[in-house]
Amino acid sequence: MEMNRREFLKTTTTLGAIAALGIKLPLIAAAAERARRDVPDIPVRYIKSTCAHCVNFCGINIKLENDVIRAIYPDPERAAYYNVGICPKGVSGMFNTYNPYRIKTPLKRTNPRKGIGENPRWVAISWEEAFDTITRKLEAIRKDDPRKLIWQHGHGKYLIGDKFPKAFVKAYGTPNLVHRTTVCEAARHVADELTWGYHGFLPDVDNCNLLLNFGANFFEAEQWARWLDHATTDAIERGMKMVVIEPRMSHTAAKADEWLPIRPGKDVLLLLGMAKQLIDADMIDTPFLTAYTNAPCLVGPDSSFLRDAEGTPLVWDVNSQSARPFTVGVQPELKTNQSIKGTTYRTAFQVFSDSLGGMTPEYIEKTAGIPAHRVQSLAKELGKQARIGATVVVDGNKLRYRPVAIHTFRGLAAKQFGMQNWRAGLILQMLLGNIDAVGGINLHSVYKKPHYLEPSKAEYPPKRIDLQESVFFPHATHNIAQQVSESILYPSRYGLEYQPEMQIFYGTNRPFSTSRARDQFKSLAKTYNVVIDIVLSETAEMADIVLPDLTYLESWHLSPTRYTPYSKHTAIRQPVANVYNLPQDAYSILWELASRLGIRDEYIKQINKKWKLKKYPLNPGSDYTAREVVERLWREKTKGKEFDYALEHAFKGKKLPAKDTYLKGVEAKFKGPDQPKMHFYAEQLVGSLKMVSETVKTKGIREINLEDYRLAMAPLPEQAHGFPVPHIEAASYPFYLITYKRMYRNQSGNTALNPILNHALGGDTNENFVLINRATAQNRQIDDGAVVTIETRVGKIEGKAKLTEGIRPDTLAVSYHYGQQSPSFPDTAKKGLWVNSILESHPDVVSGMESFNDSKCKLYKS
């Protein structure tokens, strides 16, 4: 019997995706072959683009038959610059586009009550009614107080680029645009910023011989996963040793040379303990510490630097035996105590060294669970492999050679003291002198924002709804996603001068995705909400109006990309389909709203400013399609490269010479006399704390406990940073509870509807579980697959137990992207545990980072 063309395309679209994943199903393969024989001469073409399923932005090559997406492959051209392969989400991305559960028309809520499980009673409306309703609401708010509008995006930032929403809110007049970084890795960024004036780092794995990885799971889902997976594999095959330090054996730990199962939250103690071992053995890079960092600066009893009349920090000069600025002819002493005019001063290095007295291997074993002998041997191995003092010539450049590196992502960051955790990692690497050295840790855009090395203004009252860089979160330079809900519910607590009335959510399931998640949803009952998305997520179910969006396979964008230490590239994303013939996407929605509000020309002005368009700016008085704008952005970023090249290749790459990789960072910005210095000692936190203390006292702010802030804002990481609030207060809860991410899901909800990700790949992909150490489970008579209850001080959840030797006996782990609650999702998408609903919230008050991995819990059979 012959198969008609429609049936053939329907069948082979599914079969092609399964084949692209490498799943070998003989009966299905045979069916596909019969289908091909019966329907010949199908037009086939390939279009290159960039994946936007996650933030790796992999190059992809999309196969279409008769304009239907049949398969998605990695783009082999991109392998030399970033990704060799793509993950299951990328391979199966067409199912998000062809998803029958997608939103296909604007929807309006008719039920005024809002809450989880409350039926919105949606009615379909026209685009004209949707735009008219939203515009009237925006006009009224703008006339009253534009600050009452909040724009929130998560992955939406990467679907059209955050510069368009930033331009829109600037033109509108609200400061309140909020991204998701504090539910991702913000503490790591802020630690970088406080240390060297910007953020972003990668290990120089091509030249590294020993890599310590603290909880970055780049063999599944990390921001550089699709580069680090193959780069570290190549390095391990070359002979690099990788040690993974984390409570749960991740996929990355399973591929490492050694897994050290550290107790949750105690990473900072291990890092400080290894620092002590290196200092005691004099295995430190003294020339690096004195020439590149502020470690030689003299610190007084008030924790501030001794300064001259011009405010320049002073060092102890070996040559003159006096306190002087580090200028030409001065030789700074690294280790000293000096009495100057009756006051004792110590170098910042000496302050740090003196603070480590109790960080013995035995103490680290007792608190962090790493055997004392391994603390000693690992530190010794680091010091030896660092080859302190060695140099190497690369492309004719004589460079420092320190082939050891420490890497992390959420492993150190997603904690109450996340900033201090990674500061400890940075300080340990400064001791080794591996920063921007060949084989070490490679920094990105060093000293790009010098004001990060200055005290915060700690503003009050806060201008922004998320309290960013206010007295509450003085150095939170990345929007504080989880704070928005609290500020809406209790604005007077934080001194806010306005009550938000409207929120626009684009490509984010924000309340579902952070700690104490049920409480997060309460704020949405107090605002008028517009959601732009492809599916009816939990956040969309709280909306007043929902607008459908195009998927990343249907829309234009100058795509973000991921640099490496050795390359960078510019890329586009281009549409290959419009399955449901949707007339709008987020880009055109913003343009239409700006036009109706009468702010289009100001919006254009801000777009030019945000994108830094000089040669190819948008012209006021004109309208532009998404394709026209992407073409201008491409030409600007590639210095005039023809757009036809972008349509054919989707990217333009550049390999970096050694001087760009190793000589444009700390070598150019910090080395030697009369130069700014890396902050071994974060003295700006001392100044910020003074500002916070003064404001709290003069304004009578009750929400701030100054003792908590003194601890969090210490200029150096210390022992107490290994003991977050739940570890102290929840003593009767015997287990540590941590979260992690699996490759198959994200929290926006659309991946929960993907049949390849949730069914074809295996029976365990559409449901998460409670990872329990096998011996622990046996002691509690819990069998594999049994239903168990996890209870924290916030609440309880039930789920299936999965027994393993790959987790500490005192720790439970649950992946954080399951247990969807949306009534619009099928039952298969609702399986698993919504772990965020029971996590305690103790944000890092320096960076705003949420404390996903600090909760403690009880465990029992349901």
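Predicted model: local features only at pLDDT ≥ 70, side-chain atom pairs only at ≥ 80, totals over all residues.
Local features need pLDDT of at least 70 and side-chain atom pairs count only at pLDDT 80 or more, while totals for chains, interfaces and linings use all residues. Residues are numbered from 1 along each chain as its sequence is written, and side-chain values use heavy atoms, with hydrogens and water left out.

**View 1. The hairpin of strands S2 and S3.** Strand S2 covers residues 59-65, and strand S3 covers residues 68-74. Strands (E, at least two residues) and helices (H or I, at least four) are DSSP runs, numbered from the N terminus. S2 and S3 run antiparallel and are joined by 6 bridges; two strands pair if DSSP finds at least two bridges between them. Ile60 has Pro74 of S3 as its bridge partner. The hairpin has 2 residues between the strands, and Asn66 takes a positive phi near 55°. In S3, 5 of the 7 residues are buried (under 20% relative accessible area, with a 1.4 Å probe and protein chains only; over 50% is exposed, and in between is partly exposed).

**View 2. The open sheet S12-S16-S15.** The sheet has 3 strands with antiparallel pairing. Strands S12 (298-299) and S15 (337-340) are the edges, each pairing on one side only. S12 is joined to S16 (residues 343-347) by 2 bridges, and Val299 stands opposite Arg346 in S16. Helix H13 (residues 348-355) packs on this sheet and touches S12, S15 and S16. The direction of H13 makes about 85° with that of S16.

**View 3. Helix H11 against helix H13.** H11 (residues 267-280) packs against H13 at an angle of about 115°, and the axes are 10 Å apart. Axes are lines fitted to C-alpha atoms, for helices over the stretch in contact, and angles run from 0 to 180 degrees between N-to-C directions. H11 is therefore roughly perpendicular to H13 (65 to 115 degrees; under 35 is roughly parallel, over 145 roughly antiparallel, and the rest oblique). The contact (heavy atoms within 4.5 Å) is made by Leu272, Ala275 and Ile279 of H11 and Phe349, Phe352 and Ser353 of H13.

**View 4. Helix H7 against helix H21.** H7 (residues 163-172) and H21 (residues 600-611) pack at about 135°, with their axes 8 Å apart. The two helices, H7 and H21, are therefore oblique to each other. Residues making the contact include Phe164 and Phe168 of H7 and Tyr603 and Trp611 of H21.
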